[in-house]
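Here are my notes, as promised. Have the model open beside you while you go through the points.

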Number of protein chains: 2
Amino acid sequence: MSSTLPDVDLTKLPTRAPKHMHKAETKREMRKIREELVEWQERLYAENKRSILVVLQGMDASGKDGLIRRVFSGINPQGVRVYSFKEPTKEELAHDFLWRIHQRTPGHGMVHVFNRSHYEDVLITRVVGLIDDATAKQRFEAINHFEKLLQQAGTTVLKFYLNVSEKEQEERLADRVSNPSKQWKYEPGDDQKTKQWPEYRRVYQDVFRQCSPPTCPWHILPADQKWYTAYEVARTLRDALAEMDPAYPESKLTRPE
Amino acid sequence: MSSTLPDVDLTKLPTRAPKHMHKAETKREMRKIREELVEWQERLYAENKRSILVVLQGMDASGKDGLIRRVFSGINPQGVRVYSFKEPTKEELAHDFLWRIHQRTPGHGMVHVFNRSHYEDVLITRVVGLIDDATAKQRFEAINHFEKLLQQAGTTVLKFYLNVSEKEQEERLADRVSNPSKQWKYEPGDDQKTKQWPEYRRVYQDVFRQCSPPTCPWHILPADQKWYTAYEVARTLRDALAEMDPAYPESKLTRPE
C-alpha cells in the first residue's frame, strides 16, 4: 500500500483504504502487530546497537498526531521519543537546516519519531518562497547524504507521507472549530490552507522524486481513514524490525569468569 | 606556504619555515594581523549572517594548543569558541560519527575552533583498526558532504594540518617529561607514539587526497617553529575574513520610522 515511484502524481494516489480492507478486522490485526512491536522494541533496546527513525510528513490535519498515539502508545516510552519540529528558533536559523535535526537522531537502541522533520525545509520554505529552486536542489542532496550517514551508523529510516484528500482535510479543519476537544489545534489561517494545495502537492512530489533512493524510499499512505494509516505504519515498522532482527545480548550472568 | 595537492607525500613537505622568513619580523607582522583579526571578528559577529570553522589536526605535540593561544588570544571570546574532541562518550558512540561534531558547528557571527575534529574518525580509528578501508571511504564521502552543508549555510571552513617533524615531536614529548609546567600533558604511551608515524602518515595522506575539494582544501603547514605556524594560520584566517568582508549592519538608530 505504499508507493516509492520516482514520479508521483499525488492526485492519482489513493487516500482511502483498498476495498478489501475492513475496519474491524484491521483493528484486530493492528492489536496483534502492536504486541509484536512491544517485543521487537524491547529487543532493539536490549541489543543497543541499532536504531530506528520514523519520519512523518503530511498536510495539516492529515493525522500525524493521532497516528503517533495509535502506533506507539503501549510501547515502552523509555525506548521511544517523539520530536515535533515547528518554526525554527533564532539559534536554529543561525545554523544549517540539518543542525537541529541531527541533534535529535536516535542513539543505539532507540526509536525516534519525527512529527514533521527536515523535509519542512524543502516544503513550506518553498511554498512561501523562502528558498529558491537551486537551494532546494542543494538541500535534497544534503538530505540524501544525511539519511545515508544515519543508515551507515545503523539507523533504519522509515519515511511516511500521509495522503489525505482535500475534502477530508476540510472536514477535519472544520471540526477543529466546532469540537471543543479539538479547538486547541485550530490556528488562524487554517481556512486558507486548502488554497495552497496545488503548490504543496508540487513540492511534495519533488521531494518524492528527489529523496527516495531505493535504500530509503518514501511510503505514501492513504490517510482519510485513520485506522488504516495507523495499520500501515505499524505493519511497515514491524516488518522493518523483523528484517533487522535485533537480539537480546548474551547474559553476563551465565558467562563464567 | 600551504599545500592542497591531491597527492601529498608528507615526508617531502617542509616542517620548517621558508628561509626568507625571519622570526622577529614575522612576529611583528603577526601583531599587525592579530589587530586586523580583532576588527574582522567584530564585524563578523555584528553582521551575524555567516561564520567560520577552523579545523586543527596534527600529531601529538604538533602544537595545536599553543597555536590556538597564539592566534586567538586577544580576540573577543564572546565570538570565539574552542572545542576539543577527545575519546567519544558512550552516548556519542551510539550515534553516527558526525553527530557530536555537528552540535558544535558555529552559528551566525561565530568563529569555532576544533582542536582535533571529525577527522579523528578516519585517522586514529584506522591506525588502531577500529574501522576498515570501506568504512573510511564512506566517511570521507560523508565528511565532504557535511562540510559542503556547512559552507552552503554560510560557514567558511578552514582546515589546517600541523606538519611537525619526527625529531621535533620527540623533543617536545621529552620536554613533557622533564618540564614541570608541561608534565600535565604527558600521557602514558607518549613514547610509543613516534613508532606509529608511518601508519599515521598514510592515513593523513589519504585524508588530504579524499577530503580536499577545491572549495575546502587542507592547508598543510610547517610546524617545527611555532611562531611560523601561528603566523600562517592567522594570515589565512585574516585573508578568509577579508574575502568574506563582513559588514556592520545598518544602525537602527539612524533609520527613522
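1. Start with the salt-bridge network: Glu29(A), Lys32(A), Glu36(A), Glu232(A), Arg235(A), Arg238(A) and Asp239(A) are all linked in it. A salt bridge here is a side-chain nitrogen of Lys or Arg within 4 Å of a carboxyl oxygen of Asp or Glu. Side chains of opposite charge can pair when their charged atoms come close.

2. One link to click on is Lys32(A) to Glu36(A), with N to O at 3.9 Å. These two sit 4 residues apart in helix α1 of chain A, so about one helical turn separates them. Helices are DSSP runs of H or I with at least four residues, strands are runs of E with at least two, and both are numbered from the N terminus. Lys32(A) is partly exposed at 45% relative accessible area, and Glu36(A) is partly exposed at 24%. (Buried is under 20%, exposed is over 50%, partly exposed is in between, with a 1.4 Å probe and protein chains only.)

3. A word on provenance: this is a predicted model, where local features need pLDDT of at least 70 and side-chain atom pairs count only at pLDDT 80 or more, while totals for chains, interfaces and linings use all residues. Residues are numbered from 1 along each chain as its sequence is written, chains are lettered from A and ligands numbered from 1 in the order in which they are written, and side-chain values use heavy atoms, leaving out hydrogens and water.

4. The structure holds 50 salt bridges over all chains. Have a look at Arg116(A) and Glu120(A), whose side chains meet at 2.9 Å, N to O; both residues are buried.

5. Over in chain B, Arg202(B) and Glu199(B) form a salt bridge at 3.2 Å, N to O. They are 3 residues apart in helix α8 (residues 197-210), which puts about one helical turn between them. Arg202(B) is partly exposed at 39%, and so is Glu199(B) at 28%.

6. Back to helix α1 (residues 23-47) of chain A, which contains Lys23(A) and Ala24(A). Ala24(A) is exposed at 52%. For the overall picture, chain A has 10 helices and 5 strands. Its radius of gyration, taken over C-alpha atoms, is 19 Å, close to the 18 Å that the globule rule (2.2 Å times the number of residues to the power 0.38) gives for 257 residues, so chain A is as compact as a globular protein of that length.
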